[in-house]
2 protein chains.
Amino acid sequence: MENFIFHNPVKIIFGRGTERETGNHTARYGSRVLLHFGGGSIKRTGLYDVVTRSLQEAGVDTIELGGARPNPRLSLVREGISLCRREGVDFILAVGGGSVIDSAKAIAAGAVSDRDIWDYFANPQLEVPAALPLGVVLTLPATGSEASHMAVITNEELTLKRSIGSMHLIPRFSILNPELSVTLSPYQTACGCSDILSHLMERYFTQTEHVDLTDRLLEAAMKTILWCGPRALETPLDYDVRAEIMWTGTLAHNNLLDTGRISDWASHGIEHELSAEYDLAHGAGLSIITPAWMKYVRRAGMEKFVQFACRVFDVDLDFRNPEQIALEGIGRLEDWYRRMKLPVRLSEAGIGEGDLKRLAERSMVGKSSLGRFKVLTAGDVYEIYRLAL
Amino acid sequence: MENFIFHNPVKIIFGRGTERETGNHTARYGSRVLLHFGGGSIKRTGLYDVVTRSLQEAGVDTIELGGARPNPRLSLVREGISLCRREGVDFILAVGGGSVIDSAKAIAAGAVSDRDIWDYFANPQLEVPAALPLGVVLTLPATGSEASHMAVITNEELTLKRSIGSMHLIPRFSILNPELSVTLSPYQTACGCSDILSHLMERYFTQTEHVDLTDRLLEAAMKTILWCGPRALETPLDYDVRAEIMWTGTLAHNNLLDTGRISDWASHGIEHELSAEYDLAHGAGLSIITPAWMKYVRRAGMEKFVQFACRVFDVDLDFRNPEQIALEGIGRLEDWYRRMKLPVRLSEAGIGEGDLKRLAERSMVGKSSLGRFKVLTAGDVYEIYRLAL
């Protein structure tokens, strides 16, 4: 086990009806709030009315900025930063899914920084010095941004998707009502589950030894998603299933489950080039890339793939043939993605060989390598794309 | 799943050599510190020197109070409270195990309260309004107090062991170096593992339905303790085993693993009377009481006991006979306690029938019942004591 520091002070308010408390939680931190949201679905579902009424009753002034999209854009972030400065905003409330939250985080950091916000994304070694405090009302369990220190933004001019991380970006509170997620489409639900599962797998596949507890906790969380994902497609209105998915999504990415271990993150990096280029949903990109990554890197740590197959997918085959066990585990993961109606090959998403070389090169921009389980070059990334064809 | 709030802002600093940073972490919160410790083992091991040097280098004034004992005493707490007031202490640093930390927490609350500190223990409905900030250097993984909001104190005049809970009692930071735990005796190690396992089981046995994720996380943590406990007795100097136990001990009791579920706590309540009366180690009391509690309450939720047997202890028997599966699970738990050289019957601890009726009555003082999985009366508690004879 590696030495680590774990510190996640977000306050989670979880359960039915909790969004009605938004105003009280917000008023503890700010009096002039930027209400940030997405394409307007929160107006159709009535969440917008509940939240704005709650803010009003708590005596909080509100400035609105909608329009955050999946793979959130730098241009809107810059607009939000100007708005915050002009209006003297002291708190940001993100109401939506991961894209809205990440956009809000970037605005929060940019609003109190002299530098252009993209500088921090372009230079991972630059530390984010401060940010406005922010809160979350979550509608879509997927990215885990509601309790993470991370934000991912797409620079649409450069077609680059990059991330920042800072303690200042951990929300002060996150309101998680699983009822708000029952209106998600089957595809949004599936993509969310895929993203959550990926956050767990990126942490699971490590070369760090003696990580028994976190291995088992990760397996526990993976098994929960593997069980609940298909249930959410079959019975979308089932509160209990939505609740399991939402809480798993938060714990998958709040840094608890990689304490003492070195995570991989290659699949996320390789996928980001796809979703930046084709505007593919992140979760659908991950269901394509992850099995290909696994096939490519498995010999770098066969025991881990055997453990994954046996413990997570109950593979029960001849232990003298670990390769067979590992491949069966990967096969069952692909089966699960198919059951979730997600693509497992680039061709299923209409992507051919054409741009892969360029995307592989671009995945290395600003980095010397990708991944920690097996350290990958642009050439490796290209081979992984080809395995996914 | 029940609605819940989860908020645990403790900063965990985990790993080899981390105690050398004590001064820097302390100096963020206070300049005049009460250094609270136990019977002096930290002087023998050299930890005292490392910590005091670190505090000195960070420019922190230190007032010392040693002498905290297992089942920490109210009289020492009162002495600490007077000392803090007299010396203008603004931060409390607990260096030791759960007894030292709980003693420090009670001092922290008492030092800023007009009421006598025991009032809060005697009246669970009284809210602890404030406390001095506190930090921890942990030497003995067991109680989870290093990240919990709870403290347990024994009133030696009344022979009562009672607890308080408050957000104000969550430490600001806890330094967890597993190296510090390799000097523990086999018995201390075993008692610590027993306490950790009990914190997991108290949460596991719930009547709350649809708690898939936390069920599995609890099983993951239980399996880690069941594996690592005997390893720590066999190879006491093994850092990796000590690290798993220490981190599991913290996560077993930081309230994450009972999010959305109603925990039981009857075994702890029933045990507290034993350790208050006989000064038995808490972990040894739990290894006696828990199997008896399980046998007594199992019919109140047979499915949960079957799940426990199958998932945690790999029981693989005829599913048409759940009773048999449940009892085999309890039997394997007893086997494990024996392997850890812990008593599983009162007679093994030299306790006879004599006082059991009185202890059962006393376990109800200030309460109307005990436990939530099955609600217990004093009569039930007496039957459980008798099952443990």
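Good morning. In this structure, H36(A) stands opposite A94(A) in β5(A). The model is a predicted one, in which local features need pLDDT of at least 70 and side-chain atom pairs count only at pLDDT 80 or more, while totals for chains, interfaces and linings use all residues. Residues are numbered from 1 along each chain as its sequence is written, and chains are lettered from A and ligands numbered from 1 in the order in which they are written.

Let me stay with that strand. β3(A) and β5(A) pair in the parallel sense over 4 bridges, where pairing requires that DSSP finds at least two bridges between two strands. Strands (E, at least two residues) and helices (H or I, at least four) are DSSP runs, numbered from the N terminus. β5(A) also pairs with β6(A), again in the parallel sense, over 5 bridges; here L93(A) stands opposite G135(A).

Is β5(A) buried or exposed? Of its 6 residues, 6 are buried, so the strand is largely enclosed by the rest of the structure. A residue is called buried if 20 or more other C-beta atoms lie within 10 Å of its own, exposed if 12 or fewer, and partly exposed in between, with C-beta atoms placed from the backbone. F91(A), L93(A) and V95(A) point one way from β5(A), whereas I92(A), A94(A) and G96(A) point the other way.

β2(A) and β1(B) run antiparallel and are joined by 3 bridges, with F14(A) opposite F4(B).

How many residues does the contact take from each chain? It takes 33 residues from chain A and 33 residues from chain B. On the side of chain A that touches chain B, β1 (4-6), β2 (11-14), α8 (212-234) and α9 (239-251) of chain A each supply at least two residues. The largest share, 11 residues, comes from α8(A).

Finally, I consider a helix of chain B. α4 (residues 74-87) of chain B has 14 residues and reaches 20 Å from its first C-alpha to its last, close to the 20 Å expected at 1.5 Å a residue; the expected span is 1.5 Å times one less than the number of residues. Its buried residues are L74(B), L76(B), V77(B), G80(B), I81(B) and C84(B). They cover an arc of only 155° around the axis, which puts them on the same side of α4(B); the arc is that of the directions from the helix axis to the C-beta atoms. The face turned away from this buried side carries the exposed residues S82(B) and R86(B). After α4(B) comes G88(B), whose phi is positive, near 65°.

How values were computed
Contact = placed C-beta atoms within 7 Å.
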